[in-house]
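Hi,

Here is the structure I promised to pass on. My notes on what turned up in it follow below.

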Amino acid sequence: MRHPSPDPAHPAGTSRRTVLAMASAFLATVPLTTPARAAAPAPAAGLDDAAKKEIAMQLVSSAENSSLDWKAQYRYIEDIGDGRGYTAGIIGFCSGTGDMLDLVELYAARSPGNVLAPYLPALRRVDGSDSHEGLDPGFPDDWRRAAGDPEFRRAQDDERDRVYFDPAVRRGREDGLRTLGQFAYYDAIVMHGGGADRLSFGSIRERALGRARPPAQGGDEVAYLHAFLDERVWAMRQEEAHSDTSRVDTAQRVFLDAGNLGLEPPLDWHVYGDAYHIG
């Protein structure tokens, strides 16, 4: 996970079984003159719908990179001074938190001998710290060089989905949340991780559940999401690097207050004082 750069050069399913015998018996009792029943409307798209996923990536990039151009971030890398070492790539993989190591290991398995493979021993050593030992001076340039390889970009996409995106969407659906709620979960996992310590997504959700019930438990979706965002803001304020809460206050909360639970464009929001629009 990363935050706005201080460097002015870097702006900032379960399927349902059809009971054919019952259906056939029912149809046999319906008069031929019975009008056809209108088809049920298709369910609203979730965050994993291609168009909604693109919106999700743009929203996160507005907060992480002060840009809607998330695809330009494959090559991004810097140490932002948050105690997590190097932060890089489309979702802010960090050398100090293990997800960067997992990513480079995946890339090495798919493309043996790639330019980042020699750094694997150093990445294992610095995991859990902010150290650059064994990474400097060449790692940032080699990361940017690797970003020109479609295989490395695909590895970033796959690790983003495995670690962050897919778990967020799955948990959101289990809680009965629509697209906005699924995004709120995703953004929280990106920043705080999916663990169970007091500042991680798991604990944020548990505290929200103590205040309101999600739709899957018979609760009101808006009330639950307000509780979740309140707990998210509390968690952000516990760390100086996360203390600007505008990605919640003037983005996600704006959509929630407008009743836009489907995260339908047009979308207008602010992060760190900058205005953004998706038409």
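Helix α5 (residues 139-146) lies across β1 and β2 and runs at about 155° to β1. Contact here means heavy atoms within 4.5 Å. Axes are lines fitted to C-alpha atoms, for helices over the stretch in contact, and angles run from 0 to 180 degrees between N-to-C directions. Helices (H or I, at least four residues) and strands (E, at least two) are DSSP runs, numbered from the N terminus.

Before the rest, the ground rules. This is a predicted model, with residues numbered from 1 along each chain as its sequence is written. Local features need pLDDT of at least 70, side-chain atom pairs count only at pLDDT 80 or more, totals for chains, interfaces and linings use all residues, and side-chain values use heavy atoms, with hydrogens and water left out.

**Strands**

β1, β2 and β3 form an open antiparallel sheet, in the order β1-β2-β3. Two strands pair if DSSP finds at least two bridges between them. The edges are β1 (77-79) and β3 (93-94), each pairing on one side only. β2 (residues 86-88) meets β3 over two bridges, in the antiparallel sense. Thr87 has Cys94 in β3 as its bridge partner.

β4 (residues 267-271) and β5 (residues 274-278) are also antiparallel, over five bridges. Trp269 stands opposite Tyr276 in β5. Two residues sit between the strands of this hairpin, and Tyr272 takes a positive phi near 55°.

**Aromatic rings**

The whole structure holds 13 aromatic pairs. Rings of Phe, Tyr and Trp (its six-membered ring) pair if their centres lie within 6.5 Å; planes under 30 degrees apart count as stacked, over 60 as edge-to-face and the rest as tilted. Tyr107 and Phe152 have ring centres 4.7 Å apart and planes at 40°, so this pair is tilted. Tyr107 lies in α3 (residues 99-110) and Phe152 in α6 (residues 150-174), so the pair ties together parts 45 residues apart in sequence. Both Tyr107 and Phe152 are buried. Buried means under 20% relative accessible area, exposed over 50%, partly exposed in between (1.4 Å probe, protein chains only).

Tyr185 and Phe201 have ring centres 4.9 Å apart and planes at 70°, so they are edge-to-face. Both are buried.

One aromatic cluster takes in Tyr86, Tyr107, Tyr119, Phe139, Trp143 and Phe152.

**Salt bridges**

A search of the whole structure gives 26 salt bridges. The criterion is a side-chain nitrogen of Lys or Arg within 4 Å of a carboxyl oxygen of Asp or Glu.

- Lys52 pairs with Glu264, the closest N and O atoms being 3.2 Å apart. Lys52 is in α2 (residues 50-65) and Glu264 in the loop between α10 (246-257) and β4, 212 residues apart. Lys52 is buried at 6% relative accessibility; Glu264 is partly exposed at 41%.
- Arg154 and Asp158 meet at 3.6 Å, N to O. They are four residues apart in α6, so about one helical turn separates them. Arg154 is partly exposed at 39%, and Asp158 is partly exposed at 28%.
- Arg205 bridges to Asp175, with the closest N and O atoms 2.8 Å apart. Arg205 lies in α8 and Asp175 in the loop between α6 and α7, so the pair ties together parts 30 residues apart in sequence. Arg205 is buried at 9%, and Asp175 is buried at 3%.

Shared partners also join Arg207, Arg211, Asp230, Glu231 and Arg253 into one salt-bridge network.

Best wishes
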